[in-house]
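Open the model in your viewer and keep the selection tool at hand. The stops below go from core to domains to confidence.

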Amino acid sequence: MLLRILLGLIGAGFAGALLASLGTDLATYFSSPAEESAEHAFHKEPKALHLASDGPFGKFDRQQLQRGFQVYKEVCAACHSMNLVAFRDLHALGYSEAEVKAIANQWMIEVPSVNPDTGEAATRKAIPADRFPSPYPNETAARAANNNALPPDLSLIAKAREGGPAYTYSLLTGYADPNSYRNEAGEALPAANRPGTGLHFNPYFANLNIAMPPPLVSAGQVTYAEGNPQPTVDQMAKDVSAFLMWAAEPKLENRHRYGLATVIFLLIATVLGYLSYQNIWAEAKRKVRVTGPLDPVNKAKRTRASRKAGVKD
Amino acid sequence: MSFAWAKPYEPKTEFGKWIDARLPLPRLAYGAVGGGYPVPRNLNYLWNFGVAAGLFLVIQIVTGIVLAMHYYASADGAFNSVEHIMRDVNAGWMLRYAHANGASFFFIVVYIHIFRGLFYGSYKAPRELVWMLGLVIYLLMMATAFLGYVLPWGQMSYWGAQVITGFFSAFPLVGEPIRVWLLGGYAPDQAALTRFFSLHYLLPFVIAAVVVLHIWALHIPGSGNPTGVDVKNEKDTLPFHPFYTAKDGWFTGAILVAYTAVLFFAPNALGHPDNYIQANPLATPAHIVPEWYFWPFYAILRAFTVDFLWIIPAKLWGVLAMFFSILLLFFLPWLDKSPVRSGHYRPVFKRFFWLLMLDILVLGYVGGAEINAFNIALGQFASAYYFIHFLIILPLVSAFEKPLPLPNSISESVLHGEKQEAAPIGAPARAGATAAE
Amino acid sequence: MVAQVAEDHSLRRRDFINIAAVSFAGVGAAATVLPLVNQMSPSADVLALASTEIDISKIAPGQAIKTIWRKQPVFVRNLTPAEIAAANAVRVSDLRDPQTLAERTKPGKHNWLITLGVCTHLGCVPLGTGEGENRGEYGGYFCPCHGSHYDTAARIRKGPAPLNLQVPDYEFTSDTVVTIG
């Protein structure tokens with residue numbers, strides 16, 4: 001009994017603290033409500049992007065991945081590392097062993113190594129076993145070269161952002177003129193949120209102003225081989241987004257394949273298990289016959305009894 | 001273990017008898033989960049979730065041990081070692097996703113198991129220790145999950161560790177020294193990571209030991225059932241094997257279908273994208289949130305915004321309330337002293353139970369949602385209701401409500417006119433009464 | 001007494017579904033073991049380094065280099081004609097591990113001796129590749145740990161080692177590049 005009183009008081013204490021908080025917060029809200037932040041008013045959710053890898057049965061479009069890789073190589077790799085992906089992983093894009101070796105060997109950035117004669121830091125050409133070398137030796141160098149901004153590594157970017165490849169696609173095609181831009185409500189960007197030097201307005205970016213200048217500016221920036229669609233900005237953005245999705249999740253196709261097999265197997269196993277269960281329980285001579293209120297025969301009596309007790313059942 | 005009509009174990013083979021005379025494990029198994037354990041025959045599917053929880057414990061331990069063969073607990077290398085598992089280790093991606101989603105499913109299953117206990121009064125005499133051991137398991141699971149989430153050393157791993165260890169600094173005087181002691185430093189770093197790995201590996205085995213105690217404590221009185229009426233005689237029960245092995249077997253298959261569907265087709269749905277960014281002590285994520293199974297507690301933690309009662313700052317209120325929200329569950333058998341176990345026969349209690357379920361859902365939503373005035377207020381209401389429900393409403397309801405009449409027994413009597421009848425615990429048997437009112 | 005399934009004979013013909021269900025589950029359990037065992041096999045990045053290419057264009061006759069293959073040392077030596085003659089002059093039946101130089105090199109490239117740099121006694125790295133290093137009494141390699149002497153064809157001549165230095169699988173992918181493994 002004493003315990004219950006004590007616990008009741010504690011409960012009242014917490015409830016009191018909460019109601020005090022609620023009261024104070026409501027008072028603050030009504031007297032000086034927080035204004036909608038500019039980020040909130042101007043930030044846009046990513047545009048829809050439909051890739052071959054979407055959905056439970058998605059597969060990569062190898063042609064598109066190769067185009068995307070080309071865009072990464074010729075546009076992005078100068079600043080963005082991809083240090084979790086190895087050259088040998090490019091086999092999955094459909095390149096042969098010789099092609100992969102050539103890509104590694106001719107990669108514009110060399111892999112750090114040691115001069116065998118002097119012991120000084122040196123570089124060597126990459127081999128397929130190497131991961132993509134970073135364009136900068138360390139974070140400080142990267143920031144120094146990019147106006148104190150750090151170009152993020154792109155190996156996982158498609159999984160590290162809400163919206164994934166749709167986000168990267170929207171970002172790459174979403175740069176806008178901060179002076180003429182109007183959001184859905186027709187408002188202009190407040191002066192405080194216009195980009196300063198070294199920043200560029202992009203409503204798809206969480207903070208609205210991004211340090212990266214638009215990387216894809218004109219059609220034909222990258223030349224696609226025969227048999228591919230035209231390299232418009234939109235197409236290049238889609239292709240590199242597809243490639244980044246692969247880079248983040250190279251095992252996607254395996255996952256879907258094993259998944260289908262496993263789920264189907266388990267469905268069959270469950271059905272067999274259910275039939276076996278019914279078979280075994282058929283032998284439990286009779287079903288449970290419950291007496292009293294749970295007995296369906298007494299439902300009417302139960303309803304009457306509850307109503308008499310003053311409780312609607 | 002406890003019913004007179006339980007079939008005794010009788011080894012038929014020579015080998016069986018040889019083992020039985022030396023180390024009677026088969027006898028133990030037979031009496032615990034075999035043909036020698038009588039179980040009420042009227043259990044519904046909510047009773048399947050204990051076994052499902054056990055299954056997920058095994059899945060987590062097996063996938064965890066195998067992942068530990070490739071994981072590297074270094075602040076510099078942990079994130080890359082996880083990606084090494086995802087990309088280069090044979091079937092590594094499958095094992096990692098199995099472990100991450102296995103944790104979520106373990107919690108889903110355990111929450112349903114706990115809610116079953118709340119509705120059917122499974123915590124009442126004589127099963128109070130079963131309930132409390134279960135709460136101990138739940139606390140250990142929360143600790144294990146928190147420790148495990150730090151290991152990939154992503155942004156959420158790091159900042160989650162900051163926030164949770166930061167709780168301790170809310171306590172006056174001893175708080176900060178305890179926090180530094182826990183971390184082995186002033187912020188989560190190498191020292192914290194290796195010790196978290198060590199403890200994350202250890203705790204599941206502690207959980208397994210407590211699970212053994214939990215099942216042992218249950219098997220003394222035997223399982224409860226949806227009517228809450230005690231087992232009277234043999235007609236009320238069925239041997240666990242083959243009846244409940246079959247039922248648990250097929251239903252576990254169904255749960256595994258859901259689990260594998262998530263694992264293979266939406267493996268990152270329950271996670272947070274920020275954890276695919278390597279930990280950066282200099283950059284705080286826009287919205288730090290724990291994994292979904294901690295969201296109700298996170299909501300309670302953040303609900304307190306005012307320094308109520310002067311000496312206790314809001315932050316400390318939040319931490320105390322969060323801990324107490326679980327601690328109060330230990331007292332449930334004494335908060336709710338109604339002699340009627342099952343919510344089926346307690347119409348007032350039933351109403352409040354569903355209100356509690358709604359409340360917990362709201363708390364869960366608030367814990368994961370963005371912080372704005374509406375959500376904060378919602379969280380404050382929902383947190384207040386949570387404490388009021390358990391600490392004020394339940395004791396009052398259980399003292400003053402009028403329960404519905406209980407059934408005579410779990411199964412119908414074989415002979416008509418049998419006088420022996422069930423009665424609520426504590427009330428005298430009503431001789432000659434039938435279901436008719 | 002409530003029917004116990006095991007004793008009821010009328011059940012026998014309907015046991016089939018139970019057996020089917022349990023067998024199906026058993027197959028599933030067995031299939032689950034496969035990835036658990038497979039994950040211990042070498043991962044893709046380890047397999048990628050299972051073969052190494054070595055540029056031999058800079059190794060003059062009489063010189064040797066030490067390089068790494070599968071995390072173990074490899075000796076690549078360009079034998080001089082005198083060393084080749086010395087190797088061929090040995091009576092093979094006298095050797096503890098009888099092998100001719102021809103058997104240990106590629107046809108047309110008998111001057112290229114490529115062996116593991118791991119002593120077959122207890123695994124030390126023998127001396128002899130570097131300028132001025134002790135090459136033992138037979139002019140090949142010398143292991144300082146327990147005094148094994150290898151000749152110009154890296155065959156064991158004196159000391160406790162039981163076998164010649166191991167020759168790994170390799171091939172000349174061009175005149176200046178050798179791929180080991």
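Start by selecting L18(A), A53(B), F56(B), F106(B), V109(B) and I300(B): within the largest nonpolar core, which has 112 residues, these touch the most other members. Such a core is a set of buried Ala, Val, Leu, Ile, Met, Phe, Trp, Tyr and Cys residues joined through C-beta atoms within 7 Å, where buried requires 20 or more other C-beta atoms within 10 Å of the residue's own, C-beta atoms being placed from the backbone. Next take helix α5 of chain B, residues 92-120, which gives the most to this core, with 13 residues. Helices are DSSP runs of H or I, at least four residues, numbered from the N terminus.

This is a predicted model: local features need pLDDT of at least 70 and side-chain atom pairs count only at pLDDT 80 or more, while totals for chains, interfaces and linings use all residues. Residues are numbered from 1 along each chain as its sequence is written, and chains are lettered from A in the order in which they are written.

Now colour chain B by its domain assignment (automatic or from a database): domain 1 is 31-230 + 239-288 and domain 2 is 296-407. Between them, 22 residues of domain 1 of chain B are in contact with 18 residues of domain 2 of chain B; contact is C-beta atoms, placed from the backbone, within 7 Å. On the domain 1 side, select α6(B), which gives the most, with five residues.

Finish on chain C, which averages a pLDDT of 89, pLDDT being the predictor's confidence in each residue, from 0 to 100. In residues 1-10 of chain C the pLDDT is below 50. Where pLDDT is low, predicted coordinates should not be read in detail.

Notes: Two residues are in contact if their C-beta atoms, placed from the backbone, lie within 7 Å. A residue is buried if 20 or more other C-beta atoms lie within 10 Å of its own, exposed if 12 or fewer, and partly exposed in between; C-beta atoms are placed from the backbone. Helices (H or I, at least four residues) and strands (E, at least two) are DSSP runs, numbered from the N terminus.
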